[in-house]
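Me: I have a structure to look at, and I would like to know what stands behind the terms used for it. Please set each value against its definition.

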Amino acid sequence: MNPCFRPILLLVLPTCAFGNEAVDRLPQPHYHRQASDPPWLAEVVQFHGHLGPAVVAGAKMGMAGLRAVDAKGYFDVEVICEGPLAKPPQSCFLDGLQVATGATMGKRSLEWVQADQITVRVKNTRTGKVAVLRPTPKLIELLGSFKPQPKVGARPGSGQEQHDEHLEAVARQIVSMPERELVSISVPD
């Protein structure tokens, strides 16, 4: 047989045990990206799964906290968050804090304590500098401007699409607001 015409054995490996999807991929969040969205927002949504006001508020407060204590994040920061965050949508705030600061529940550098009001303490572990952050009345008003609805099992025509659009609109409003309108920051001596 002519060596140029040898049969070629192709080994085709399945890409996934469950169909044609690749095994190594992240879950796809429920998110309608807009051109005006800052790049960090896609990272917050990828971690959290959808765009909502509480996760954005947590991210904005976390970024403000890092700046206030001159920390880089991940390994030079400790965060204690107090607040009524026992269940969604309020607890989504914690996901925003994790993404924005790099402090996580798993590394034990983010701690949550049940309380009546939200207070975030961010500490730069290299310098000892601490900042105390509280949401402004305007942010509290925005976070309370919608009624949570479960995402699981929502059917077309159930009103979930309009609810999601409202959530995303409020979240984007928080994204676009100046930090001083959202967060009160004090740096104790």
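Reply: Buried residues make up 41% of the 189 residues in the protein chain. This is a predicted model, in which local features need pLDDT of at least 70 and side-chain atom pairs count only at pLDDT 80 or more, while totals for chains, interfaces and linings use all residues. Residues are numbered from 1 along each chain as its sequence is written, and side-chain values use heavy atoms, with hydrogens and water left out.

Me: What makes L182 a buried residue?

Reply: Buried means under 20% relative accessible area, exposed over 50%, and partly exposed in between (1.4 Å probe, protein chains only). L182 has a relative accessible area of 1%, so it is buried. L182 lies in helix 6, residues 179-182; helices (H or I, at least four residues) and strands (E, at least two) are DSSP runs, numbered from the N terminus.

Me: Which residues is L182 in contact with, leaving aside its neighbours within four places in sequence?

Reply: Contact means heavy atoms within 4.5 Å. On that basis L182 is in contact with K60, R134, P135, T136, L139, I174 and M177. The C-alpha atoms of L182 and T136 are separated by 5.2 Å, although the two residues are 46 apart along the chain.

Me: Why is D189 called exposed?

Reply: The relative accessibility of D189 is 100%, and therefore it counts as exposed. D189 lies in the segment after strand 5 (183-186).

Me: What is noted about phi of D70, and is D70 buried or exposed?

Reply: Phi of D70 is near 55°, a positive value in a residue other than glycine. D70 sits in the loop between helix 2 and strand 1. Its relative accessible area is 54%, so D70 is exposed. R108 also has a positive phi, near 65°, and is not glycine; with a relative accessible area of 71%, R108 is exposed.

Me: What makes a set of residues a nonpolar core, and how many residues has the largest one?

Reply: A nonpolar core is a set of buried Ala, Val, Leu, Ile, Met, Phe, Trp, Tyr and Cys residues joined through side-chain atoms within 4.5 Å. The largest has 42 residues, and those with the most contacts inside it include V56, V79 and F93. Helix 2 gives the most to this core, with 10 residues.

Me: What joins P88 and P89?

Reply: A cis peptide bond joins P88 and P89, with omega of about 5°. P89 lies in the loop between strand 1 and helix 3.

Me: How many residues in the lining of the largest pocket are nonpolar?

Reply: The lining divides into 11 nonpolar, 3 polar and 2 charged residues. Ala, Val, Leu, Ile, Met, Phe, Trp, Tyr, Cys and Pro count as nonpolar, Asp, Glu, Lys and Arg as charged, and the others, Gly among them, as polar.
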